[in-house]
Amino acid sequence: MSGIGLAATALAASRELRLARPVLDDLRPRTGHVAHFSVPDGAVAVHVTQSEPSSAYHMPPTAGGDVPLYRSAVGWAMLSALPSPAAELLGSEPLPARTSRTVRDPGAVLAALPRRARARLCGR
């Protein structure tokens, strides 16, 4: 667990989480999906908490766990909201794959960001 991962665990009682909790609880029933509250730490998204999943869908919460920005929806949302230094976070070498569908080319990730983020996050 990273240093910010430990800090994310401590955020459980924070003002930020108290502000995020009602939003998470509202998003889940409106979207039908689990809503996550994560924070960026360099090239990874650190999970703080999530809305309660429906009984049909369960994903155990892992406060402090992290995932590379290019390998998660929350990470793509963070990358698409960054000014322009997203390229610095991804580097120039091929990115490690988790599945055969992982986009490994940093240039391809950057090129797909606006289109993919809109499609996945906004349903467009």
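In which helix do D26 and R30 both lie, and how many residues apart? Both residues belong to helix α2, where four residues, about one turn of the helix, separate them. The model examined here is predicted: local features require pLDDT of at least 70, side-chain atom pairs count only at pLDDT 80 or more, and totals for chains, interfaces and linings use all residues. Residues are numbered from 1 along each chain as its sequence is written, and side-chain values use heavy atoms, with hydrogens and water left out.

Two salt bridges are present in the structure, the term denoting a side-chain nitrogen of Lys or Arg within 4 Å of a carboxyl oxygen of Asp or Glu. One of them joins D26 to R30, with 2.8 Å between the closest N and O atoms. D26 is partly exposed at 36% relative accessibility, whereas R30 is exposed at 60%; buried denotes under 20% relative accessible area, exposed over 50%, and partly exposed the range in between, for a 1.4 Å probe and protein chains only. A salt bridge also links the side chains of R21 and D25, at 3.4 Å from N to O. R21 and D25 are both located in helix α2 (residues 15–31), four residues apart, about one turn of the helix. Their relative accessible areas are 25% for R21 and 39% for D25. Helices (H or I, at least four residues) and strands (E, at least two) are DSSP runs, numbered from the N terminus.

The largest nonpolar core comprises twelve residues, among them A45, W76, M78, L79 and L95. Such a core is a set of buried Ala, Val, Leu, Ile, Met, Phe, Trp, Tyr and Cys residues joined through side-chain atoms within 4.5 Å. At least two residues of this core come from each of α3 (73–81), α4 (86–90) and α5 (106–122). Beyond its neighbours within four places in sequence, L79 is in contact (heavy atoms within 4.5 Å) with L69, Y70, A86, L89, L90, V109 and L113. A second, separate core contains nine residues, including F37, V39, V44 and V46. In soluble globular proteins, nonpolar side chains tend to be buried together.

S72 counts as buried, at 15% relative accessibility. The side chain of S72 reaches the backbone nitrogen of G75 at a distance of 2.9 Å.

Conventions. A polar contact is a pair of N or O atoms within 3.5 Å; within protein, one must be able to donate a hydrogen and the other to accept it, and residues adjacent in sequence count only if both atoms are side-chain atoms.
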